[in-house]
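User: I would like to learn how to read a few features of a two-chain structure, starting with a single side chain. Please show it to me first.

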Amino acid sequence: MAGGEHLEKDDVKVAGKEKRVMSSEVVDSNPYSRLMALKRMGIVDNYERIRDFSVAIVGVGGVGSVAAEMLTRCGIGRLLLYDYDTVELANMNRLFFQPHQAGMTKTDAAVQTLSGINPDVILESYTQNITTVEGFDKFMGSLTRNIKGESLNGKSGVDLVLSCVDNYEARMVVNQACNELGQTWMESGVSEDAVSGHIQLLIPGETACFACAPPLVVASGIDEKTLKREGVCAASLPTTMGIVAGLLVQNTLKYLLGFGVVSKYLGYSALKDFFPTMEMKPNPQCTNNSCLQRQREYEATKPARDAAAKAEAKRLAAEEAEAASVSLHEENEWNICLLDDEEPKDVRERIPDIPSSSGNLPQGLFRELPDSEVLDKSVISSESFVDPEGDLEDLQRQLEALNAL
Amino acid sequence: MDGWDASTKSTVTKIPLLTTRAGPRDGAEWTKRLKEEYQALIKYMEMNKANDNDWFRISSGPDGTKWKGKCWYVHNLLKYEFDLQFDIPVTYPATAPEIELPELDGKTAKMYRGGKICLTIHFKPLWAKNCPRFGVAHALCLGLAPWLAAEVPHLVDTGMIVHKDNVTATKADA
Ligand SMILES: [Zn+2]
């Protein structure tokens, strides 16, 4: 993969050459030795599996570009990159892009840099908006192709979608696509005042979808009323974006490679160095029909899940009993507390289970938007609704007549 | 309803509300919604003309997903006119259309790149509260009209836009 090559729109860059062997040999020339050490140390069972995974990154801005670089350096199998924007000098307060890339599309500039860093990664670049009807169709089409570019007839061909966009509208579109595909995804966000952020895991049917409840954001600790917004849309810091990208990719690696606890929601308040966590169940009254469909499917698998959980509990109990009998025979003469005392399952138990739309959110979290109201009388005094009758062409003619006046 | 002037508030309450929760991928339901959109827009435009406050032209393609038109604002008796366009997003009406004024792209901080106008922090919460009752007409009234009123004078004063000499407006056609 030659760096510096300018790609056409929607070009799909597939690595034609054989990938390098992912060796665990510790030599200066092996780019994977420090990653493969994770396996030797027992953190990850099978690090090489990273090459089997395809991750779609929607939004290649301050968070998405850094996430893409991290995954590239980790040796991810395939990255699908989506953005319609170009690199601007105004982006230089963030990481990743360089001044000489100004004017290039973000996707092309990213492919240029990433293919230079790790030529083993298959990079697909989609320079497009996903929120329009056509854009959404193309987005769905790309997500339903496998690593060889073959269409999977509407089934997802990626392992995870990362939303790294900067607006509610695009997040809702990613949510729509992932609900339709039953595709697990992770949401990320940095506040417009640049001093808070969050990541969230969304499993259609199992966790709340992005439309189940108004989006949850971390309070910055600044009074909204004193925040000055005159003459600006948003602020940004490379630190906050880098931290959120790091949290996002860490959660991605844990999810894909199966180690540690995968966070359902993790917030970050920069001013207070505060990291709230929580979980959200899906809303049975969600306005998104695909979400409801996925909820029904998930409900149908409950007996099987219960049986599996029971078997797992039994296995763990047996393991613990065995460990206890072993430790009885061991002298702990140095009185050292073993790391094994902190099993991940304990962490999981401490996370409170909070219903989706309720008001009792953990401290430091709040809803960014209100729920839709049956009728907001304080805003709407008139009860007037449109007349549901009428012919579309006739209405179009009426509007054209007014346009011509 | 903080964040809007009294006349905008009174105008928006007179635009008819919509009832169908449907987006452009919803087939027959979308056609129903589209009819509602047209009715609300027709009423809003008639109202503007009657109040001597005609300020936009708008039309869509047959499927109602792409909208184009013109909008204008009168500042110091001069009329400043701009092309206007937006797509109906696939997640509409849960998310509002993002209105674009491509000619002003890069000329003001109150705009995202690509020419999408940057709305006040009050817009999205109000839209969310009133989903699915608000439509394109409400977005123009609560989003674009106040944006033009705030940004055009600023753009003119800072020399970012210059009036086309041959287009002069009198109060009558304002
Ligand atoms: Zn939902």
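Predicted model: local features only at pLDDT ≥ 70, side-chain atom pairs only at ≥ 80, totals over all residues.

Analyst: Tyr298(A) has a relative accessibility of 23% and so counts as partly exposed. Residues are numbered from 1 along each chain as its sequence is written, chains are lettered from A and ligands numbered from 1 in the order in which they are written, and side-chain values use heavy atoms, with hydrogens and water left out.

User: Which helix holds Tyr298(A), and which residues is Tyr298(A) in contact with?

Analyst: Helices (H or I, at least four residues) and strands (E, at least two) are DSSP runs, numbered from the N terminus. Tyr298(A) sits in helix H7 of chain A, residues 289-300. Contact means heavy atoms within 4.5 Å. With neighbours within four places in sequence left aside, Tyr298(A) is in contact with Gly205(A), Glu206(A) and Arg305(A).

User: How do I read a positive phi, and where is Asn153(A) found?

Analyst: Check the residue type, then the place and the exposure. Asn153(A) is not a glycine, yet has a positive phi of about 50 degrees. Asn153(A) is in the loop between helix H4 (133-143) and strand E5 (160-163) of chain A. With a relative accessible area of 74%, Asn153(A) is exposed.

User: Is Ala194(A) buried or exposed?

Analyst: Ala194(A) is buried, at a relative accessible area of 2%. Ala194(A) also has a positive phi, about 70 degrees, although it is not a glycine. Ala194(A) belongs to the loop between strand E6 (185-190) and strand E7 (196-202) of chain A.

User: What helices and strands does chain A have, and what share of chain A is buried?

Analyst: Chain A has ten helices and twelve strands. Of the 405 residues of chain A, 47% count as buried. For contacts in chain A with a separation of 6 or more, 66% are between residues 24 or more positions apart.

User: In what order do the elements of chain B run?

Analyst: Chain B comes to four helices and five strands. From the N terminus on, the order is α-α-β-β-β-β-β-α-α. The radius of gyration, taken over C-alpha atoms, is 16 Å for chain B, close to the 16 Å from the globule rule for 174 residues, so chain B is as compact as a globular protein of that length. The globule rule is 2.2 Å times the number of residues to the power 0.38. The C-alpha trace of chain B spans about 45 × 35 × 35 Å along its principal axes. Buried residues are 54% of the 174 residues in chain B.

User: How do I read a cis peptide bond, and which residues does one join in chain B?

Analyst: Look at omega, then at the surroundings. A cis peptide bond joins Tyr92(B) and Pro93(B), with omega about 0 degrees. Tyr92(B) is in the loop between strand E3 (78-87) and strand E4 (111-112) of chain B, and Pro93(B) lies in the loop between E3 and E4 as well. Tyr92(B) is buried, with a relative accessible area of 3%. Not counting residues up to four places away in sequence, Tyr92(B) touches several residues, including Pro24(B), Trp30(B), Trp127(B) and Phe134(B). Tyr92(B) and Pro24(B) are 68 residues apart in sequence, and 7.4 Å apart in space from C-alpha to C-alpha. The peptide bond from Cys131(B) to Pro132(B) is cis too, with omega near 5 degrees. Pro132(B) is in the loop between helix H3 (123-129) and helix H4 (136-157) of chain B.

User: How are two packed helices described?

Analyst: Two packed helices are described by the angle between their axes and the distance between the axes.

User: Which residues make the contact?

Analyst: Among them are Leu395(A), Leu399(A) and Leu402(A) of H10(A), and Leu34(B), Tyr38(B) and Ile42(B) of H2(B). The residues of this contact divide into nine nonpolar, five polar and three charged. In that count Ala, Val, Leu, Ile, Met, Phe, Trp, Tyr, Cys and Pro are nonpolar, Asp, Glu, Lys and Arg are charged, and the others, Gly among them, are polar.

Conventions:
Buried < 20%, exposed > 50% of the residue type's maximum accessible area, 1.4 Å probe, protein only.
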